[in-house]
Amino acid sequence: MKTRILGFVALAAVAAMTVIALLVVPADLNQGDAQRIMYPHVASAWLGYLSFGVTALAGILWLWKRDLRFDALAVSGAEIGVMFTAFAIWGGMMWGRPIWGVFWQWEDPRLTTTALLLALYVGYLLFRRLTDDPERRATRAAIVGIVAAVDIPIVHFSVEWWRGLHQTATIASPDRVLNPAAPMIFVGTLLGMLGAFTLAWAYLMIRRYQLARADLAREEAVRIGRLEAARHGVLRSEVTR
Amino acid sequence: MSDAGFVVAAYAVIMGGLGLYTVTLWRRLAAARRGLDRDDEAR
């Protein structure tokens with residue numbers, strides 16, 4: 001019930017912030033209407049980081065505690081992170097064409113490392129399908145998830161470390177936390193969209209985690225069924241012998 | 001395409017994708033729970 005309420009709140013928040021971003025906030029003096037794309041773009045990028053961070057942390061906890069609930073959390077983070085990172089890339093492309101004149105540029109470190117991050121976690125999800133054994137799958141996936149997470153800080157700081165098309169951080173830079181480069185109405189809308197998307201993220205994470213737990217229970221039931229069938233087969237062969 | 005076209009394309013895919021993923025997740029979860037119930041009945 002609480003999760004359902006969270007879902008309704010998230011839906012209302014995302015709808016309200018979309019209306020504000022599209023209809024209330026004025027067009028930017030230099031970027032025009034294209035700056036409206038920034039709100040879901042930045043929120044999606046941050047939630048991609050957060051999701052993959054959860055996957056890496058859950059992977060570490062699985063390797064330490066050997067509790068499959070952490071693996072369920074890890075796969076939830078990876079799947080939802082892939083979705084939000086894909087949204088961030090799409091939003092960035094739609095913004096880049098009118099502002100930079102190109103949808104994409106491979107020489108840009110932020111764009112290329114983000115594409116790599118997406119590829120790494122799509123690979124993580126595919127890699128999980130290589131084995132049916134839940135414990136072996138969790139261990140292998142945890143290692144891939146932790147190694148792939150090395151790309152998260154590289155993506156984030158790429159705009160500071162190397163020169164490219166992508167601008168440096170608007171807010172999340174140590175010297176800009178209380179002195180953002182953009183006007184406050186834009187920053188406030190950005191934070192509002194970030195909050196709304198984070199609510200949606202929390203709701204989706206809970207539902208995806210529930211699905212992962214149900215899948216694990218199903219696998220366990222199938223395994224027990226096979227064991228019982230095998231035991232039954234042995235007993236029958238002993239009776240007929 | 002005008003700036004507004006890019007804005008519409010961005011929001012349509014992101015919000016539409018978010019909605020589509022949510023609905024798909026509900027269906028996957030419902031199917032998984034039905035499967036578990038069937039396993040319980042079979043045992």
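Guide: Let's start at A:R66, which is found in the loop between α2 and α3 of chain A. Helices (H or I, at least four residues) and strands (E, at least two) are DSSP runs, numbered from the N terminus. Before we go on, this is a predicted model: local features need pLDDT of at least 70, side-chain atom pairs count only at pLDDT 80 or more, and totals for chains, interfaces and linings use all residues. As for names, residues are numbered from 1 along each chain as its sequence is written, while chains are lettered from A and ligands numbered from 1 in the order in which they are written.

A:R66 is not a glycine, yet it has a positive phi of about 55 degrees. Around it there are 12 other C-beta atoms within 10 Å, so A:R66 is exposed. The rule for that word goes like this: a residue is buried if 20 or more other C-beta atoms lie within 10 Å of its own, exposed if 12 or fewer, and partly exposed in between, with C-beta atoms placed from the backbone.

Now for the two helices on either side. Helix α2 of chain A covers residues 38-65 and helix α3 of chain A covers residues 68-100; they pack at an angle of about 160 degrees, with their axes 7 Å apart. Axes here are lines fitted to C-alpha atoms, for helices over the stretch in contact, and angles run from 0 to 180 degrees between N-to-C directions. That angle makes α2(A) roughly antiparallel to α3(A). (Under 35 degrees counts as roughly parallel, over 145 as roughly antiparallel, 65 to 115 as roughly perpendicular and the rest as oblique.) The crossing of α2(A) and α3(A) is left-handed, a word used if the near helix is turned anticlockwise from the far one by less than a right angle, with right-handed used if clockwise.

What kinds of residue make up the contact of α2(A) with α3(A)? By class, there are 18 nonpolar, 11 polar and two charged residues. Ala, Val, Leu, Ile, Met, Phe, Trp, Tyr, Cys and Pro count as nonpolar, Asp, Glu, Lys and Arg as charged, and the others, Gly among them, as polar.

Chain B has one helix and zero strands, and its C-alpha atoms fill a box of roughly 60 × 10 × 5 Å, taken along the principal axes. Of its 43 residues, 14% are buried. Two residues are in contact if their C-beta atoms, placed from the backbone, lie within 7 Å. By class, the contact of α3(A) with α1(B) has 11 nonpolar, two polar and two charged residues. Between the two whole chains, 22 residues of chain B are in contact with 27 residues of chain A.

A:R208 lies in helix α7 (residues 184-240) of chain A. With 24 other C-beta atoms within 10 Å, A:R208 is buried. Leaving aside neighbours within four places in sequence, A:R208 is in contact with A:S76, A:E79, A:I80 and B:L25.

Finally, the core. The largest nonpolar core has 63 residues, and A:I37, A:A74, A:Y121, A:M193, A:F197 and A:A200 are those with the most contacts inside it. Such a core is a set of buried Ala, Val, Leu, Ile, Met, Phe, Trp, Tyr and Cys residues joined through C-beta atoms within 7 Å. Elements giving two or more residues to this core include α2, α3 and α7 of chain A, together with α1 of chain B. The largest share, 16 residues, comes from α3(A). In soluble globular proteins, nonpolar side chains tend to be buried together.
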